[in-house]
Amino acid sequence: MSSLVKKLKDTVTGHSDTSSRNSRHRAAVLYYKGEHLKIESRKTPAPGPNDILIEVKAIALNPIDYYQRDMGFALSSYPVVIGSDIGGIVTSHGSSVPSSAPKPGTRVAAFAPTFHLQGEPDRGAFQEKALIPASLVTPIPDKMSFDEAAMMGMAIVTAWTGWWAIGMPLETDPSMYATDKKALLVWGGSSSVGSAAVQTARWMGYTVYATASEKNHEYLKSLGARDVFDYKKKDVVDSIIKTAKADGVRIDYAYDTAGASAQITEVLKASKGGRIAKVAEAVPLSGNEAKVDGVDVTFVTASQDEKERDAMFSFIMNKWLTDKLALGEFVPSPHLEVIEGGLDALNKGLDKLKAGVSGTKLVVEL
Ligand SMILES: NC(=O)c1ccc[n+]([C@@H]2O[C@H](COP(=O)([O-])OP(=O)(O)OC[C@H]3O[C@@H](n4cnc5c(N)ncnc54)[C@H](OP(=O)(O)O)[C@@H]3O)[C@@H](O)[C@H]2O)c1
């Protein structure tokens with residue numbers, strides 16, 4: 001292909017990024033663990049073969065962001081650009097991005113896997129332009145805001161990774177889940193990950209029980225939980241067991257977003273009825289957890305094999321979430337709170353998240 005023909009073709013497909021070759025954008029850069037993010041100008045990268053360059057319009061905050069900022073979690077060298085969750089607009093594609101991927105100009109939700117990429121500066125969310133693998137970009141409905149779009153990536157990827165980690169199939173058809181008389185417990189249902197776990201479990205057809213503070217109970221019921229229990233009450237374990245019994249269901253699966261595997265295993269031990277029950281544990285295990293016969297607890301982590309991981313990410317973001325957003329069967333959750341001040345407000349936002357939120361996703365608008 002002559003270079004002129006290629007240039008014309010790339011202009012139409014958005015594959016070439018000539019517009020950004022000399023351009024720069026603002027980014028929140030981390031120079032070392034324990035320091036504050038510093039705002040500076042960076043050269044805007046051209047997309048690699050499987051990348052989509054995204055103009056970032058909104059960024060949602062996650063606990064991993066302050067683990068990385070404050071403790072250097074999963075970072076091996078500096079400087080880095082961290083941040084995972086983006087709402088934005090596709091700017092251009094790399095040469096091998098499938099033609100089915102959202103075209104330049106499309107409004108999208110995107111997930112930057114900073115844990116796996118170790119804060120690679122071109123690929124973190126905390127900047128105005130970020131490179132995201134095509135497998136982690138989802139088009140959003142017209143009525144969805146960039147703020148709402150930013151709320152979903154980490155939550156839905158972590159929820160589905162948990163289901164995969166405990167052996168559930170990755171399917172887009174809910175009838176593939178044999179859920180007759182089965183229930184599932186989400187501990188910490190009002191968290192970002194927990195609320196996505198509640199929604200996905202309900203979509204699979206499970207009777208969903210969750211735990212949360214009292215003020216978040218009605219909200220979780222609106223997302224599909226059949227009953228919600230206050231984890232601060234002494235009799236919480238007994239209440240869940242009794243309710244499942246009265247409802248005529250057994251609880252075979254649980255998702256833990258709060259490090260409560262001891263209480264969860266008590267529930268499952270009493271409820272599972274002779275089968276192996278499984279817990280997806282989002283909070284790192286200490287290794288000292290008591291083993292309970294018939295209950296397997298598995299830490300939620302994606303495959304270390306890049307191809308396998310990419311295929312799973314693609315199922316979640318390119319297939320499942322794309323379909324469910326179009327059908328209105330998944331909504332951004334929990335409640336949105338905007339931290340005013342753009343990139344400059346990221347440090348303040350992370351401090352607020354670290355101090356603790358309740359049923360709230362913090363978002364910074366650019
Ligand atoms: N393994 C992974 O790949 C992965 C990925 C993402 C996140 N995570 C981890 O998963 C956890 C949740 O993350 P997130 O972003 O979803 O958190 P988040 O939204 O910041 O969590 C806040 C929520 O936690 C709930 N909560 C706090 N203590 C609780 C307890 N003892 N029992 C039940 N609920 C409790 C609160 O519920 P109430 O206000 O209703 O009390 C609050 O709504 C974090 O530890 C995070 O590091 C792991």
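Is K354 buried, partly exposed or exposed? With a relative accessibility of 45%, K354 counts as partly exposed, because that value falls between the 20% limit for buried and the 50% limit for exposed residues. The points below, written for a reader new to this structure, refer to a predicted model.

1. Salt bridges, K354 and its partners. A search of the whole structure finds 14 salt bridges, and one of them joins the side chains of K354 and D70, with an N to O distance of 2.6 Å. K354 belongs to helix α11 (residues 346-355) and D70 to helix α2 (residues 63-71), so this pair ties together parts that lie 284 residues apart in sequence.

2. Salt bridges, D51 and R123. The side chains of D51 and R123 form a salt bridge at 2.8 Å, N to O. This pair links distant parts of the chain, with D51 in strand β3 (residues 51-60) and R123 in the loop between α3 (114-117) and β6 (129-133), 72 residues apart. D51 has a relative accessibility of 5% and counts as buried, and R123, with a relative accessible area of 16%, is buried as well; both labels follow because buried means under 20%.

3. E120 is partly exposed, with a relative accessible area of 36%, whereas R123 is buried.

4. Y67, M71, F73 and F115 make a nonpolar surface patch of about 370 Å². One of these residues, Y67, has its place in helix α2, and Y67 is partly exposed, with a relative accessible area of 32%.

5. Helix packing. The axes of helix α5 (residues 153-165) and helix α10 (residues 306-327) come within 10 Å and cross at roughly 120 degrees. The two helices, α5 and α10, are therefore oblique to each other, and their crossing is right-handed.

6. A buried loop residue. L37 is located in the loop between β1 (24-29) and β2 (38-43), and with a relative accessible area of 7% L37 is buried. The C-alpha atoms of L37 and P121 are separated by 13 Å, while the two residues stand 84 residues apart along the chain.

7. Cis peptide bonds. The peptide bond from Y78 to P79 is cis, with omega near 0 degrees, and P79 lies in the loop between α2 and β4 (85-93). A cis peptide bond is also found from S333 to P334, with omega near -5 degrees, where P334 sits in the loop between α10 and β14 (335-339).

8. Positive phi angles. A reader checking the backbone may wish to look at A74, which has a positive phi of about 55 degrees although it is not a glycine; A74 is found in the loop between α2 and β4. Q118 likewise has a positive phi of about 55 degrees without being a glycine, and Q118 is placed in the loop between α3 and β6. At 36% relative accessibility, Q118 counts as partly exposed.

Notes:
Residues numbered from 1 in each chain as written. Predicted model: local features only at pLDDT ≥ 70, side-chain atom pairs only at ≥ 80, totals over all residues. Heavy atoms only, no water. Salt bridge = Lys/Arg side-chain N within 4 Å of Asp/Glu carboxyl O. Helix = DSSP H or I, 4+ residues; strand = E, 2+ residues; numbered from the N terminus. Buried < 20%, exposed > 50% of the residue type's maximum accessible area, 1.4 Å probe, protein only. Patch = residues over 30% accessible without salt bridge, like charges linked within 9 Å, V, L, I, M, F, W, Y side chains within 5 Å. Areas by Shrake-Rupley, 256 points an atom, 1.4 Å probe, with all protein chains shown as cover. Axes fitted to C-alpha atoms, helices over the stretch in contact; angles between N-to-C directions. Parallel < 35°, antiparallel > 145°, perpendicular 65-115°, else oblique. Left-handed = near helix turned anticlockwise from the far one by under 90°.
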